[in-house]
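Keep the structure open beside you and look up each residue as it comes along.

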Amino acid sequence: MQCREGCGACCVAPSISSPIPGMPNGKPAGVACNHLTAERRCAIFGLPERPQVCAAFMADEQVCGSSAEEALRILGWWEQATA
Ligand code: SF4
């Protein structure tokens, strides 16, 4: 599937353990990345300092569901299940 514009659930729900500019220890689950813009886009998209895990994430109906709210629920569930 195509990444849903204005979603940003994958920049909020999961924890990220690798360093992010301005967040040297990554980020905890459920906390918005400080590079997620008001338009729900990545402010450092395409830059080398963007974490590899972000570049590797591919939108998929199984994790992204049919809305941003559903994506937050599913990604949150996966975060807990794999913690
Ligand atoms: S660096 Fe960009 S893609 Fe990665 S979590 Fe932050 S806003 Fe999202």
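H3 supplies the largest share of the lining of the second largest pocket, with three residues. Helices such as H3 (68-81) are DSSP runs of H or I with at least four residues, while strands are runs of E with at least two, numbered from the N terminus. The lining of this second largest pocket consists of Pro14, Ser15, Val63, Leu75, Trp78, Glu79 and Thr82. Sorted by class, four of these lining residues are nonpolar, two are polar and one is charged. Here Ala, Val, Leu, Ile, Met, Phe, Trp, Tyr, Cys and Pro count as nonpolar, Asp, Glu, Lys and Arg as charged, and the others, Gly among them, as polar.

The model is predicted, so local features need pLDDT of at least 70 and side-chain atom pairs count only at pLDDT 80 or more, whereas totals for chains, interfaces and linings use all residues. Residues are numbered from 1 along each chain as its sequence is written, and side-chain values use heavy atoms, with hydrogens and water left out.

How are such spaces found? Rolling a probe the size of a water molecule over the atoms shows where empty space is left. On a 1 Å grid over the protein atoms alone, a cavity is a set of points where a 1.4 Å probe fits but cannot get out; a pocket is an open set with protein on both sides within 12 Å along at least five of seven lines, and lining residues have an atom within 4 Å of a point. Grid points are joined across faces, edges and corners, and a volume is the space filled by probe spheres set on the points.

| Space | Volume | Lining by class |
|---|---|---|
| Largest pocket | about 710 Å³ | 20 nonpolar, three polar, five charged |
| Second largest pocket | about 150 Å³ | four nonpolar, two polar, one charged |
| Largest cavity | about 90 Å³ | nine nonpolar, one polar, one charged |

The largest pocket has a volume of about 710 Å³. Among the 28 residues that line this pocket, Cys3, Cys10, Cys11, Arg50 and Phe57 are the closest to its centre. H1 gives the most to the lining of the largest pocket, three residues.

Where does the ligand sit? The ligand is in the largest cavity, as more than half of its atoms must lie within 2 Å of the grid points for this to count. The cavity is lined by Cys11, Ile16, Ile20, Cys33, His35, Leu36, Cys42, Ile44, Arg50, Pro51 and Cys54. Residues around the ligand, with a heavy atom within 4 Å of it, include His35, Arg50 and Cys54. This shell divides into eight nonpolar residues, one polar and one charged.

Next comes a nonpolar core, a set of buried Ala, Val, Leu, Ile, Met, Phe, Trp, Tyr and Cys residues joined through side-chain atoms within 4.5 Å. The largest one has eight residues: Cys7, Ala9, Ala13, Val63, Cys64, Ala68, Ala71 and Leu75. Helix H2 (61-64) and H3 each give two or more residues to this core, and H3 has the largest share, three residues.

Finally, visit two residues in the segment before H1. Buried means under 20% relative accessible area, exposed over 50% and partly exposed in between, using a 1.4 Å probe and protein chains only. Arg40 lies in the segment before helix H1 (52-56) and has a positive phi of about 65°, although it is not a glycine. Arg40 is partly exposed, with a relative accessible area of 36%. Ser17 is also found in the segment before H1, and Ser17 is exposed, at 73% relative accessible area.
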